[in-house]
Amino acid sequence: MATASLATPKTGSRDDGIAVRLLAWYDNHHRDLPWRVPPADLARGVRPDPYHVWLSEVMLQQTTVEAVKPYFRDFLAKWPDVKALAAASNDGVMRAWAGLGYYSRARNLKACADLVATLPGGFPDSEEGLRALPGIGAYTAAAITAIAFGRPAAVVDGNVERVTARLFDIRTPLPDAKPEIKARVAELVPASRPGDFAQATMDLGATICTPKRPRCMLCPLRPDCRAILSGDPELLPLKAPKADRPKRSGIAYVAVRRDGAVLMRTRAEKGLLGGMTEVPTTGWSEGRGGTGGDGKPPFAAGWRKAGAISHVFTHFELDLEVRRADVGEISTPAGHRWVAAADIAGEALPTVMKKAIEAAIPGATKKPKRP
Ligand code: SF4
């Protein structure tokens, strides 16, 4: 929906024109997102809810907007405010988070909610105060400060990095370019509407100044853009070559009882995928073709190969051979439990475990469709 420009920002930036042009574009072309207060509502005095901003920003770390939308709605329906989230069980939060990945975020989310629920004023309104909370780093603190509290802060995510590197034709490769990019953004942030400015830059990066084939003809910052003058903006930002991720491998064991229940266990609270549910696996050894640990299944049975899956973690790639055994009544191995077929979808299963179970029992981890 196109609207007239809502407000000419009072800017404290050294290049007012960029902020003015970007905000005018945002007024007409912003993305409608479930956690966002659109500029027309903001102009009418609607204030963003810090809980919504915080929840969405934590979910959006390393995750796409489309993937986050249903999780955000689900969390709000279950826990409409930070006190409700603080009152939730750890297990309930992990279950609701399952599938979003990077599970340390969920543990920090809960720890942060527990702490904020005890603070008389709720979320702190400064970057410094926010950074003292669990799971809130420099980016998230800046985003909450600007978006939820309307205070100037340099908010730099991947989209903003790209737009800024192109706008100023920054040729230093990432990550070394980060300080220069942040300083450039800090210069541009307007004194009024800093939250909209941050979201406008993100939206421009997501919809116009895209990684491939940026749509420069539609860009409100085209008159300001130095990368356009110097050649091919698509080449920016430059990135230092990444080291190859190491490979690990192992075996996942999917034991299926006659009634359809599957043998599972809960991972240790600390460490990778802490507190999440898994089927028993060997250790994950370095290199390809390893079995890790002692390589043995949780009990002797007619294990047969059911498939193989791969999963990419931040610091390594994992290949799992998946073996399945169909068993009768057996004693439950220590530290394990049987999960009924109807309850598998509700378990706090990380994506790698969903893949493993699906390889052995197709459809087992899908939630039944509502009629
Ligand atoms: S003119 Fe093109 S490269 Fe420059 S900021 Fe706009 S979309 Fe990005």
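Which residues surround the ligand? They are Arg 166, Ile 208, Cys 209, Cys 216, Cys 219, Arg 222, Cys 225, Ile 228 and Pro 233, where a residue is near a molecule if one of its heavy atoms lies within 4 Å of it.

The model is predicted, with local features needing pLDDT of at least 70 and side-chain atom pairs counting only at pLDDT 80 or more, while totals for chains, interfaces and linings use all residues. Residues are numbered from 1 along each chain as its sequence is written, and side-chain values use heavy atoms, without hydrogens and water.

By class, the shell around the ligand has seven nonpolar, no polar and two charged residues. Here Ala, Val, Leu, Ile, Met, Phe, Trp, Tyr, Cys and Pro count as nonpolar, Asp, Glu, Lys and Arg as charged, and the others, Gly among them, as polar.

The protein is assigned two domains, with bounds from an automatic or database domain assignment.

The centres of domain 1 and domain 2, taken over C-alpha atoms, are 36 Å apart. Between them the domains bury about 800 Å², 49% of it on carbon and sulfur atoms; buried area is the accessible area (1.4 Å probe) that two parts lose on being put together, summed over both. In domain 1, Arg 95, Tyr 103 and Arg 107 lose the most area to domain 2, together 57% of what that side buries.
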